[in-house]
Every structure is written in C-alpha cells, then in structure tokens.
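Keep the structure open as you read.

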Amino acid sequence: MENAIKDWRGRSYCPGPVPADRARMFRLALAAMAVIAPLQYGYAALLARDAGGLTLLAVWIACQAAGALPALHLVRRGRLRVRACLAAGAALSGLGLATAALTGPGPVALIGYALLGGLGAGLVYGVCGEVVSSWYPERPAARVGLITGAFGYGAVPLLLWTGIAPGATSAAFLVSAVLAAAVVGLAARELRLPPARWWPDDVDPRSHALDAARLRTSPEAVKQFGLAQAVRTRTLPALALLLTCAGAVSVFDVIVVAGTGAWGALALLVALNGAGRSVAVRASERFGRRRVLAAVFAALALGQILLAVAVQNTVSPPASAGNPLLWLGTVAAGLGGGAFYPLLASLVRELFGTERATEIHAVVYSAKAVAGVVAAVLALVALTAPGTALLAAAALAALPALATPRLRIPGLPATIPL
C-alpha cells in the first residue's frame, strides 16, 4: 500500500502497470463462459421436455446460482486459488455435459448433471466474473457484460447442430463436454487475480472518480457497504426479487420457443439473450442503469404477450416457424431475457459500492435458484396451456419493469426524491 492514492471519497487505489496478458485473460474468461452455456440453454432447449427433465433443470439452476457465492468468498480471502477453483469447474462442467449426453432423467443425471454440473458452472461463472472485473476496474460492467453474454450465445452452435441433425443431440453434448473441460482447464492455467486495490496506471483514478458525465448516469454509492450491511437493507431483497421474476421468464422462454419447433427462432432467442447484455450495458452508461433496466424488463414482458398470441394462433408446431409474431416475440424476449443480469450487477456496484460488490451481487444472483423452480412450474403449465403460462410470464416480467424506477440508493434519507 506504499503507492496507494485516494480519491475524493477516500477510496484507496494502488496504480500499477497493465500486464501484457490482460487481454488474453479476458478472452479466455469469455471462452470459458461460452463453453459452459450448453449446460443451461442447451439442456433447457433440447432435453427439458417433461416433468423429469424440468426438475433436473431446476436443480441445476439452483446449484449453479448457489455455487458461486462460497467460491467467491474463499477466492477473495485467498483460501482458494483461482486455478484450483477453475480446474474443479472444468472437471465438473465436463462431467455434467457428458451425463446429459449419455443418460436420461434419473438418479445418475440428478447427481452428474444437476448437482455436480450445476456446481461446476457456478464456479466458472463466479470466478471468471471476479477475475475480469478485478482486471478492468475502470469499466467492470462493460467487460463483465461481454463475458456473461457468452454464457448465452455460447449455446447457439449446439442448437444449430441439433436443429440440422436432430439425431445427433447426444454427440453434440459429448463434444460440448470435451470443449468445456479443455477450454476451462486452459483458463485455469492462465487466469489470476491482480494485487489488492490494483488500478491501471494509464488511467488516473482520481479523475475517473470525478468524471461528471459518468456520475450523471452511474452515481456513486453513499458508502462502501459490507455484505452484512447490504443484506439488512430493503434494496438487496428488492434486487433479488427482480432477478427471480426475470430469471424465471428468461429460462422459460427457451423451453417455450424450443417447443414450437422453430429452430431458427430458438437460435435467435439464445443469441440475443447473450449479445443483448453488452448492448444494454453500453446503453446504460449513456442513459442510466435504472432507466435501461426498466426498458429491458418491459421488452421481456412484451415478448411474452407476442409469444402468447403466436402460440394461440398456431395450429401445429411446424407451422409456427412462419408466424411473424413468433419472430417479433423472440426478438423482444431475447433482448430482455439476458440483459438484466449485467445491469443488476452494475446496480449493485452503484448502490452498495465497489469493495464488496462481487460478494453482494453473488447473494442477489443466488435468487436465480428460486427462478429455476418458477421457470419449471411455468413450463409444466405450458405443456397443457401455453397461452396461460406465457401471460403469467408477462405479469412476472411486468412487475420488475414497474418496480425498477422506484429503487432507492441505500443510506439516503427517504425524503430525497428518486
């Protein structure tokens, strides 16, 4: 801390040289996120077609969401190395995909895919996000948005492959298992965390902290909240509820569009789910996080209504591919179905400060475990009443769209206007 400097809020920074392999670490983290995408979106689209498959998907989502928090806690305190964490993630993710390829719903799939595969994906998701945000402290939201986007569109090649050759689903998952083990294993060798409070020496942290244009759209937190302090606020449960509602709808949409048999629309949905995250983060830096987040939730709700009309007006699944409402609903649902994840992570930094933002966000992200259960329930309803399930999903997405503008910065008096 000898070279530490402080900004106007008293936060300490230790400027240092940018390592030559920082960009390489970012690319490896992005690749690692892409190769584990089939565990969620590939399984949801191809294998979660009955009560047994939906139950496994719900358990997987719960394990993936809950697995990130303890890993991050240990990594940040130096009790678990990034290499060991990602090596375990490589083995478990590969095992999960291989299990999905070789077994149907049952005890083996519950252990291999849902429990171990979900835990492995949680390790990769949480640690890659922590590494990237730590090496890019000047623009963490934009960089993390890019790698979490890969967690969405990384499943597109698998979906296209199985759409062209439906009988090759097991082979596609086996290839995905090999890629996941190899790519995440390579990332385990290369990724590492920077020194505490590191800041790139080519960016003045004091000028960055006083950037008026940035502060207008991304205001600073009142103070640096600890994890226990954040949990006691009303804002953190509100963020968790927003993620629960939108997260359930996001996964449910993949299952519904897959059920129409329109593989082009399904690939577009998953691609937009990933690519929309980076676009939304960039828009939020110009127009404000909460404003863009509310628009994202509104797009997600609109997508459910359009999909409901499309499904109700379709006589048979193959005919749905030519329905323009299906494609419009897919675009709206795709743009809204993934973009809220990095926006909520950015809001955590704005509302609670940067020092413990990763751990606080991990608590918010763990609400995805409940979202998986809700998504499975909606999918079960959709087996017999798809229109009703989609309208219920529209209501779930509309709730956060209405609530987001009313989020308050913790620590400000309630008399200060929003």
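Start with a term: a residue is buried when its relative accessible area is under 20%, exposed when over 50%, and partly exposed in between (1.4 Å probe, protein chains only). Helices are DSSP runs of H or I with at least four residues, strands are runs of E with at least two, and both are numbered from the N terminus. The model is predicted: local features need pLDDT of at least 70, side-chain atom pairs count only at pLDDT 80 or more, and totals for chains, interfaces and linings use all residues. Residues are numbered from 1 along each chain as its sequence is written, and side-chain values use heavy atoms, with hydrogens and water left out.

Go to helix α16, residues 357-365. Nine of its nine residues are buried. They are A357, T358, E359, I360, H361, A362, V363, V364 and Y365. What do the buried residues of α16 pack against? The partners are α3 (51-76), α5 (107-135), α11 (227-231), α12 (235-259), α15 (324-352) and α17 (368-382). Contact here means heavy atoms within 4.5 Å.

Now look for empty space. Rolling a probe the size of a water molecule over the atoms shows where such space is left. The search uses a 1 Å grid over the protein atoms alone; a cavity is a set of points where a 1.4 Å probe fits but cannot get out, a pocket is an open set with protein on both sides within 12 Å along at least five of seven lines, and lining residues have an atom within 4 Å of a point. Grid points are joined across faces, edges and corners, and a volume is the space filled by probe spheres set on the points.

The whole structure holds one cavity of 30 Å³ or more. The largest cavity has a volume of about 240 Å³. It is lined by 18 residues, and Y125, G129, V144, A345 and H361 are the closest to its centre. Helices α3, α5, α6 (140-153), α15 and α16 each supply at least two lining residues. By class, that lining has ten nonpolar, six polar and two charged residues. Nonpolar covers Ala, Val, Leu, Ile, Met, Phe, Trp, Tyr, Cys and Pro; charged covers Asp, Glu, Lys and Arg; the others, Gly among them, are polar.

The largest pocket has a volume of about 1200 Å³. Its lining has 40 residues, with S133, P137, W199, T354 and E355 nearest the centre. These 40 divide into 15 nonpolar, ten polar and 15 charged.

Next, the core. A nonpolar core is a set of buried Ala, Val, Leu, Ile, Met, Phe, Trp, Tyr and Cys residues joined through side-chain atoms within 4.5 Å. The largest has 134 residues, and L191, L239 and F252 touch the most other members. Helix α12 gives the most to this core, 15 residues. Leaving aside neighbours within four places in sequence, L239 contacts L344, L347, V348, L351, F352, V364 and L407.

T235 is also in α12. Buried or exposed? T235 counts as buried because its relative accessibility is 9%. Residues up to four places away aside, T235 touches L351, F352, R408 and P410.

Last, the cysteines. A disulfide is a pair of cysteine sulfur atoms within 2.5 Å, and the count is zero. For C63, the nearest cysteine sulfur is that of C85, 15 Å away. For C128, the nearest is also that of C85, at 9.2 Å. C128 is buried, because its relative accessible area is 0%.
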